[in-house]
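Keep the viewer open and follow the residue numbers as you go.

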Amino acid sequence: MNHFEFKDGVMHAEDVPLPQIAAEAGTPIYVYSAATIERHVRVFREALAGVDDPLIAFAVKSNPNAAVLATLARLGLGADVVSGGELRRALAAGIPAEKIVFSGVGKTAEEMALGLDEGIGQFNLESLEEAETLSEVASARGVTARVAFRVNPDVDAGTHSKISTGRADDKFGIAIDRAPDAYARVATLPGLDPVGVAVHIGSQLTDLAPSRAAFLRVGQLIATLRAAGHTILTADLGGGLGVPYNPAVPAPPTPAAYGAMVQDVTAGWNVRLIFEPGRVIVGNAGILLTRVIRVKAGKNDPFVVVDAGMNDLLRPSLYDAWHDIQAVAPQGEHFRANIVGPICETGDTFARTREMDQVVAGDLVAFMTAGAYGATMANTYNSRGLVPEAMVSEDRWAIVRDRQPIEALIAADRLPPWL
Ligand code: LLP
């Protein structure tokens with residue numbers, strides 16, 4: 001459910017017609033709907049209504065825009081961060097430090113120090129080596145870090161290989177059967193307080209069974225750890241719940257179904273549950289608005305060349321991801337086309353042989369479900385400035401990230417002294 005709907009034949013974001021944003025701010029541009037974000041938070045919360053005081057730590061990587069984070073901060077969410085940069089963005093947006101969980105396989109000593117100095121709630125450690133570094137950094141500061149080990153439960157999440165994280169050979173976490181030894185070792189290290197267990201098996205999950213299997217193993221581990229004398233207070237179940245991208249395929253499980261499964265599996269765990277949803281909060285709350293530069297004849301189907309490129313929305317070229325593509329002011333005709341960007345790579349293809357609204361040069365087109373892992377993965381390939389972002393709330397809208405001018409790109413480079 002989202003708030004990008006047609007009124008009088010024109011797609012709106014809430015009460016704002018998209019052509020108005022395109023006319024004033026140019027294209028390509030990401031457009032977010034605040035009401036949709038708020039609605040998704042409400043739905044996720046309601047799905048966990050039976051859970052006592054869950055911490056919902058938004059996965060900042062999915063959309064780190066300050067306006068998005070501030071919207072979530074006002075709703076009381078915490079943050080799951082994976083870098084010092086994300087940590088600082090979350091704090092700057094008003095997310096309290098104690099609601100921040102620091103995940104990630106490559107935290108540096110400097111990032112650990114930042115997290116400790118800010119007093120974040122929990123570090124999710126991914127290796128014993130990392131635990132040793134955090135122990136040194138925390139001891140040197142005379143503080144104690146609350147930590148969890150992210151365990152790798154060896155389940156295949158059944159999603160795209162590049163976004164699966166819980167198989168034995170994936171780089172993430174420690175093997176779950178080695179966890180008891182790791183907790184025993186950490187209990188002897190100064191500056192660390194092992195308070196929890198964490199797991200995250202992948203993203204865009206469309207089946208609850210792998211998560212259920214992983215959570216069951218986490219439940220067994222908690223019992224084992226407690227029997228060994230550890231005090232386990234938190235269980236971080238990660239993120240990963242999928243969202244509907246393609247209306248023609250069955251929708252992923254709802255947050256309500258996910259919440260019911262979680263409550264079933266975790267009954268009696270007697271921990272504070274932490275969740276790290278990203279996509280399910282912001283995915284359908286954003287679109288990428290782009291304009292057709294021209295429609296070029298193809299050998300079979302025409303090429304719709306739009307002014308957004310793979311640098312602005314990387315998902316189709318990186319994961320063969322499917323995004324719904326709609327004309328902003330459809331005329332009722334359809335055609336089969338390839339939708340491509342202006343970048344000089346064949347991979348700069350958003351869709352092949354797609355049945356879509358017929359469009360001509362100058363028309364506006366929306367890539368749907370682009371609020372997660374959209375702008376945040378954008379880059380400047382082909383010397384295109386970073387794509388701007390706008391947020392709508394009812395009949396108001398504002399630019400929440402400027403289009404990066406080419407002058408900024410040029411100015412960031414330096415000539416060596418000999419040139
Ligand atoms: N927690 C951890 C430790 C994660 O690694 C991730 C995502 C999340 C939570 C949030 O997962 P979500 O609820 O958003 O599925 N760029 C890819 C997705 C990469 C996900 C990385 N980790 C894409 O565009 O599909």
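Which residues form a negative surface patch? The patch is made by Asp154, Asp156, Asp169 and Asp177. Please keep in mind that this is a predicted model.

- Asp154 sits in the loop that runs between strand E9 (145-152) and strand E10 (174-175).
- With a relative accessible area of 47%, Asp154 is partly exposed. A patch residue needs over 30% relative accessible area, so Asp154 passes that cut-off.
- Strand E9 is mostly covered, as 7 of its 8 residues are buried.
- Strand E8 (residues 122-125) runs parallel to E9, and 3 bridges join the two.

- Strands E1, E2 and E3 make an open sheet of 3 strands in the order E1-E2-E3, with antiparallel pairing.
- The edges are strand E1 (4-7) and strand E3 (16-17), each of which pairs on one side only.
- Between E1 and strand E2 (residues 10-13) there are 4 bridges in the antiparallel sense.
- Within this pairing, Phe6 is placed opposite Met11 of E2.
- Strands of a sheet pair through backbone hydrogen bonds, either parallel or antiparallel.

**A nonpolar surface patch**

- Leu415, Trp418 and Leu419 make a nonpolar surface patch of about 470 Å².
- Leu419 belongs to the segment after helix H12 (406-412).
- Is Leu419 buried or exposed? Its relative accessibility is 68%, so Leu419 counts as exposed.

**Salt bridges**

How many salt bridges does a search of the whole structure find? The search finds 10, and here are some of them.

- Glu130 and Lys107 form a salt bridge in which the closest N and O atoms are 2.5 Å apart.
- This pair links distant parts of the chain, 23 residues apart: Glu130 is in helix H6 (residues 128-141), and Lys107 is in the loop between strand E7 (100-102) and helix H5 (109-118).
- Glu130 is buried, at 5% relative accessibility, and Lys107 is buried too, with a relative accessible area of 9%.
- Asp117 and Arg141 also meet through their side chains in a salt bridge, at 2.7 Å from N to O.
- Because Asp117 lies in helix H5 and Arg141 in helix H6, this pair ties together parts that are 24 residues apart in sequence.
- Asp117 is exposed, with a relative accessible area of 52%, whereas Arg141 is partly exposed at 38%.
- Another salt bridge brings together the side chains of Asp301 and Arg336, at 3.1 Å from N to O.
- Here the partners are 35 residues apart: Asp301 is in the loop between strand E14 (286-296) and strand E15 (303-306), while Arg336 is in strand E17 (residues 334-340).
- Asp301 counts as buried at 10% relative accessibility, while Arg336 is partly exposed, with a relative accessible area of 41%.

**Backbone details worth a look**

- Thr27 and Pro28 are joined by a cis peptide bond, with omega of about -5°. Pro28 is in the loop between helix H1 (18-25) and strand E4 (29-33).
- Glu14 is not a glycine, yet it has a positive phi of about 50°. Glu14 is placed in the loop between E2 and E3, and it counts as buried at 8% relative accessibility.
- Glu394 is not a glycine either, and its phi is positive at about 55°. Glu394 lies in the loop between E20 and E21 and counts as partly exposed, at 48% relative accessibility.

**A contact across the sequence**

- Asp395 is in the loop between strand E20 (389-393) and strand E21 (396-401), and it counts as exposed at 57% relative accessibility.
- How many residues apart along the chain are Asp395 and Pro17? They are 378 residues apart, while their C-alpha atoms are separated by 9.1 Å.

Note on methods: Residues numbered from 1 in each chain as written. Predicted model: local features only at pLDDT ≥ 70, side-chain atom pairs only at ≥ 80, totals over all residues. Heavy atoms only, no water. Patch = residues over 30% accessible without salt bridge, like charges linked within 9 Å, V, L, I, M, F, W, Y side chains within 5 Å. Areas by Shrake-Rupley, 256 points an atom, 1.4 Å probe, with all protein chains shown as cover. Salt bridge = Lys/Arg side-chain N within 4 Å of Asp/Glu carboxyl O. Lys, Arg positive; Asp, Glu negative; His and termini not counted. Charge placed at Lys NZ, Arg CZ, Asp CG, Glu CD. Buried < 20%, exposed > 50% of the residue type's maximum accessible area, 1.4 Å probe, protein only. Pairing = 2+ DSSP bridges.
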